[in-house]
Number of protein chains: 4
Amino acid sequence: MCRWMAWFGQPVLIEELLFNTKHGIVDQSLHARMGAEPTNGDGFGIGWYGSGDGPALYRSVAPAWSDANLRELAAQIESPLFFTHIRAAIGSPVQQTNCHPFRRGRWLFVHNGYIADFHSLRRELMLGIAPELFPEVHGSTDTEVVFHLALTLGLERDPITALERTVGVIERTAERHGIAGAVQGTFGVSDGASLWAVRYATEGPARSLFASADVESIRHLHPENPRFQRLSPDDRLIVSEPFSDLPGVWHEIDESSAVIVRSGGALEHEPFHPQSPRATPSSPSGLPAAGR
Amino acid sequence: MCRWMAWFGQPVLIEELLFNTKHGIVDQSLHARMGAEPTNGDGFGIGWYGSGDGPALYRSVAPAWSDANLRELAAQIESPLFFTHIRAAIGSPVQQTNCHPFRRGRWLFVHNGYIADFHSLRRELMLGIAPELFPEVHGSTDTEVVFHLALTLGLERDPITALERTVGVIERTAERHGIAGAVQGTFGVSDGASLWAVRYATEGPARSLFASADVESIRHLHPENPRFQRLSPDDRLIVSEPFSDLPGVWHEIDESSAVIVRSGGALEHEPFHPQSPRATPSSPSGLPAAGR
Amino acid sequence: MCRWMAWFGQPVLIEELLFNTKHGIVDQSLHARMGAEPTNGDGFGIGWYGSGDGPALYRSVAPAWSDANLRELAAQIESPLFFTHIRAAIGSPVQQTNCHPFRRGRWLFVHNGYIADFHSLRRELMLGIAPELFPEVHGSTDTEVVFHLALTLGLERDPITALERTVGVIERTAERHGIAGAVQGTFGVSDGASLWAVRYATEGPARSLFASADVESIRHLHPENPRFQRLSPDDRLIVSEPFSDLPGVWHEIDESSAVIVRSGGALEHEPFHPQSPRATPSSPSGLPAAGR
Amino acid sequence: MCRWMAWFGQPVLIEELLFNTKHGIVDQSLHARMGAEPTNGDGFGIGWYGSGDGPALYRSVAPAWSDANLRELAAQIESPLFFTHIRAAIGSPVQQTNCHPFRRGRWLFVHNGYIADFHSLRRELMLGIAPELFPEVHGSTDTEVVFHLALTLGLERDPITALERTVGVIERTAERHGIAGAVQGTFGVSDGASLWAVRYATEGPARSLFASADVESIRHLHPENPRFQRLSPDDRLIVSEPFSDLPGVWHEIDESSAVIVRSGGALEHEPFHPQSPRATPSSPSGLPAAGR
């Protein structure tokens with residue numbers, strides 16, 4: 001189990017959301033409430049769109065709650081669009097290259113969940129990655145493979161369709177190996193201009209995912225909260241787990257659906273249905289021919 | 001909050017107690033049940049008496065549950081007497097020099113608890129450390145200062161009396177600063193030949209501490225458990241928190257008391273009463289003249 | 001041996017000076033040319049004045065050359081005034097709390113060099129630190145003690161005089177212990193508005209220290225260098241070791257002297273002479289009464 | 001560039017060879033003399049045959065010279081057969097899963113050198129790994145891929161032949177990609193009963209490799225050295241770089257050759273010639289069918 005959050009809106013100091021918020025994500029690294037495990041102490045990462053060309057990353061193998069540098073940086077880094085991810089490793093080593101977000105060019109990617117029996121599927125899924133992307137897989141997580149498969153299948157053109165195809169490939173591969181419940185989780189993607197989030201599970205309930213409500217509703221429900229008064233209509237949060245228990249502030253995202261946050265705070269909803277790959281002679285594994 | 005355990009008895013592979021035991025101390029690093037916090041993920045340490053001259057240390061800033069080297073070493077290190085400590089930092093940095101056990105010569109020292117408002121007392125307490133020991137304080141924990149105070153006050157001659165004097169000094173110093181509830185915790189000490197453990201709090205209930213029962217009682221109560229049949233009469237465990245919920249296996253150590261485990265497994269009980277230091281002209285701080 | 005650099009001038013991306021410069025300080029972490037040791041691989045730190053209140057720190061125990069986060073941050077952090085320090089530990093542990101810069105409020109402090117036989121002097125020097133500053137010493141380096149002594153002796157009012165008094169105290173203390181060559185090194189200090197640098201050794205040649213020349217001289221000597229054409233008259237660098245071997249770009253700072261860089265790039269020179277503390281009845285150690 | 005050493009002979013405390021030897025391998029981590037780079041500070045590892053089932057590993061991302069745990073463990077671990085490796089990363093991240101030795105079952109593997117343009121060849125070489133071994137590749141080094149290719153090609157049956165086939169596969173693959181000088185380096189392998197070492201480069205001089213001389217010759221040449229008098233006829237060292245400059249103690253291993261150390265200290269020499277894989281219809285990449 002992991003936890004992630006994404007902010008898209010007015011530029012804010014990262015510490016506003018990481019440290020100054022009740023039950024924010026750093027608190028969730030020690031005390032998550034939803035999900036099997038309360039502790040997400042196997043490293044963390046932040047990825048933000050800032051002044052440079054493309055997003056920047058800060059990733060650490062320390063638990064988020066004890067990393068002294070994170071507090072320093074969170075007080076300095078201002079960004080209109082960023083991800084934070086806290087990790088609870090399931091099997092793969094605690095190392096920076098296994099910390100989310102993953103990045104390629106302008107793109108960031110986070111995930112909460114798992115590929116079932118990834119150990120058995122890893123080779124076949126990695127063969128589905130475009131050869132030119134293959135050497136960019138530096139770690140050993142399922143998420144990094146999912147990201148590079150999605151890049152192979154068009155993430156940079158159409159993120160949701162690419163993820164539908166990716167999940168389809170994984171489910172089909174798992175099926176051939178007799179593995180049930182192939183994909184579990186929530187995914188977050190951005191190119192710095194929009195933010196996409198997916199909630200999906202092959203079987204059973206999917207990991208939790210929430211979007212913040214419209215600023216007007218939030219203010220109306222909690223007129224006494226000064227922090228909420230500072231929200232602008234452009235601001236939107238996507239989180240694995242609500243930061244606080246205030247009613248009306250968070251909307252659960254439906255299972256098997258995706259949301260898209262556009263600049264300006266507009267929130268679009270879409271269904272999410274895995275697309276089965278078409279077997280072709282040139283891809284005997286059932287994977288679509290990569291990179292074409 | 002922290003957790004520690006000590007083994008004294010037949011030589012065992014450390015993994016037997018760290019990884020192969022139900023709710024052992026590595027499991028407690030993620031899921032402690034007693035105490036304010038379930039997570040002890042701010043580093044850990046093992047200190048063991050082995051083949052070399054004096055005890056050896058392995059300390060790491062990683063959480064015990066995720067340290068790959070710990071699993072390797074635990075499968076290799078065999079010892080008749082060792083401590084393991086898992087840390088939940090309260091304020092001081094996560095660094096190896098803040099990980100327990102602390103060591104001097106043949107002596108090892110662990111602690112679960114705190115000195116109240118240590119920040120305010122640190123200077124005065126450090127001045128009580130014998131000058132020749134002062135440069136050996138490498139970290140910033142209260143425990144390391146307690147250990148060096150106790151060394152100053154005779155730990156190597158009589159551990160319990162030295163700790164009674166040390167706690168007395170701390171309580172007197174805290175009193176002068178108007179700080180209540182000065183000392184909280186359990187302490188473990190060894191010189192490789194005996195094992196001492198103390199349970200004490202200036203105010204309120206002290207942190208939990210347990211000793212394993214006699215091997216005969218354990219076997220009688222749980223005849224079906226093959227692990228217990230391997231215990232010898234020499235074997236004794238002291239733990240912050242029982243490894244399993246089996247009744248009759250663990251005896252709670254009384255508050256304000258100490259136990260001593262001698263070679264052969266004998267367990268002696270003693271009261272523990274802080275001794276007030278005598279103020280002398282040469283030690284205006286109320287500390288006894290150090291190192292004499 | 002360590003190496004440090006300071007930039008004061010137009011706001012620059014830190015990577016410009018850390019990575020994009022020939023023989024910059026990250027290169028010096030692997031290949032220093034001046035001094036006893038070519039390797040400065042025992043951690044590093046950057047301290048910068050940025051958007052927040054007071055300076056920020058990023059410190060790591062990894063060698064500067066291999067820290068992936070440093071490359072990310074250096075490409076994001078823009079600052080008009082910052083220090084970078086790379087460490088070669090002599091005896092004290094490699095931990096974040098031993099990495100420079102040290103900080104208090106608006107003040108940053110770095111050091112290249114050592115206090116001779118610090119182990120023997122540590123206690124007495126720490127007693128000279130004002131009691132309210134004492135708990136702020138979190139690590140075990142000589143530098144952190146020097147910084148807190150200097151704060152005690154007026155660093156925030158008059159940095160050079162405070163360092164002269166601090167060095168005087170250390171030399172006097174060392175003398176009483178029969179220790180020769182007490183102080184060796186260069187010091188860098190800033191409050192975000194000015195930058196002070198000191199070069200001094202009790203005995204023998206002091207560690208190297210250089211200031212960048214006036215921008216006009218630099219441009220005149222190297223008209224072909226596009227990087228130099230971007231320098232403004234406000235820009236000044238202080239470095240342990242020149243970044244490149246271009247003649248005329250660097251001026252060696254005299255031994256037993258200090259330089260002050262003011263906003264606008266003006267460089268003032270001052271002599272640096274340790275001031276002997278006056279013994280008073282209330283400070284039998286020869287230290288001035290602390291905190292007044 | 002990296003450095004490694006192997007000991008096979010009477011059981012010794014690892015510290016004897018790591019710390020108590022002039023210009024031993026820990027000293028080489030800071031001051032290597034042979035090869036392009038003097039610094040090998042990007043992590044290290046030891047792998048030893050001890051009391052447990054199969055070899056144990058201790059690997060760390062800290063430089064060997066500053067790892068406090070290494071000194072502790074080296075004073076405790078006694079072994080008749082062990083490897084130590086110090087790493088100078090070329091491109092791949094500093095993480096434990098990239099530290100040598102690599103292990104499978106009873107087998108350990110170390111390497112000094114590189115696969116030319118590994119980035120371009122990685123995918124194709126990984127496809128040559130037997131599917132059941134593929135998920136065991138946890139890091140991103142060329143060495144780990146070489147090891148798993150060699151395991152695929154029979155390392156456990158005949159290490160030298162398997163490495164000849166592996167190097168042949170790599171050279172053929174590189175050739176198809178127009179990459180010259182495919183393989184550079186020295187390899188060390190053991191199953192706990194024998195020790196194999198290879199020195200080979202596709203083009204140009206290979207990385208240095210030395211074996212210790214017969215104990216009789218060493219004693220005869222240096223009768224005054226007490227350490228050498230303790231050597232038994234069973235003892236043999238294989239090292240990237242001699243520990244000291246004493247003449248007659250070290251024999252350079254020929255290029256394109258392998259040595260085998262058997263229990264009892266006997267040293268056998270063999271030529272080493274890469275074997276070209278036979279292309280088959282079922283392995284269009286030119287790799288032999290894996291795992292058969």
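## A network in chain A

In this predicted model, salt bridges join Arg199(A), Glu252(A) and Glu255(A) into a network. A search over all chains of the whole structure finds 36 salt bridges, and a few of them are described here.

Another salt bridge of chain A pairs Glu268(A) with Arg262(A), whose closest N and O atoms are 3.2 Å apart. Glu268(A) has a relative accessibility of 30% and therefore counts as partly exposed, and Arg262(A), also at 30%, counts as partly exposed.

## Pairs in chains D and B

In chain D, Arg199(D) forms a salt bridge with Glu255(D), and the closest N and O atoms of this pair are 3.6 Å apart. The two residues link distant parts of the chain, since Arg199(D) belongs to strand E8 (residues 194-201) while Glu255(D) sits in the loop between strand E11 (250-252) and strand E12 (257-262), 56 residues apart. Arg199(D) counts as buried, at 6% relative accessibility, whereas Glu255(D) is partly exposed, with a relative accessible area of 37%.

In chain B, a salt bridge connects Asp214(B) and Arg236(B), with 3.3 Å between the closest N and O atoms. Asp214(B) lies in the loop between strand E9 (210-212) and helix H7 (215-221), and Arg236(B) lies in strand E10 (residues 236-239), so the pair ties together parts of chain B that are 22 residues apart in sequence. Here Asp214(B) is partly exposed, with a relative accessible area of 43%, while Arg236(B), with a relative accessible area of 6%, is buried.

The size of an interface is often given as the accessible area lost when the parts come together. Between chain A and chain C, the buried area is about 1,300 Å², and carbon and sulfur atoms give 38% of this area. Of the area that chain A buries against chain C, 42% is supplied by Asn69(A), Glu72(A) and Gln76(A), which is more than any other three residues supply. In terms of contacts, 17 residues of chain A touch 17 residues of chain C.

Two salt bridges are counted between chain A and chain C, one of them being that of Glu72(C) with Arg103(A), in which the closest N and O atoms are 2.6 Å apart. Strand E3 (56-60) and helix H3 (68-74) of chain A each supply at least two residues of the side that touches chain C. Sorted by class, this side of chain A has seven nonpolar, seven polar and three charged residues.

Technical notes
Residues are numbered from 1 along each chain as its sequence is written. Chains are lettered from A and ligands numbered from 1 in the order in which they are written. This is a predicted model: local features need pLDDT of at least 70, side-chain atom pairs count only at pLDDT 80 or more; totals for chains, interfaces and linings use all residues. Side-chain values use heavy atoms; hydrogens and water are left out. A salt bridge is a side-chain nitrogen of Lys or Arg within 4 Å of a carboxyl oxygen of Asp or Glu. Buried means under 20% relative accessible area, exposed over 50%, partly exposed in between (1.4 Å probe, protein chains only). Helices (H or I, at least four residues) and strands (E, at least two) are DSSP runs, numbered from the N terminus. Contact means heavy atoms within 4.5 Å. Buried area is the accessible area (1.4 Å probe) that two parts lose on being put together, summed over both. Ala, Val, Leu, Ile, Met, Phe, Trp, Tyr, Cys and Pro count as nonpolar, Asp, Glu, Lys and Arg as charged, and the others, Gly among them, as polar.
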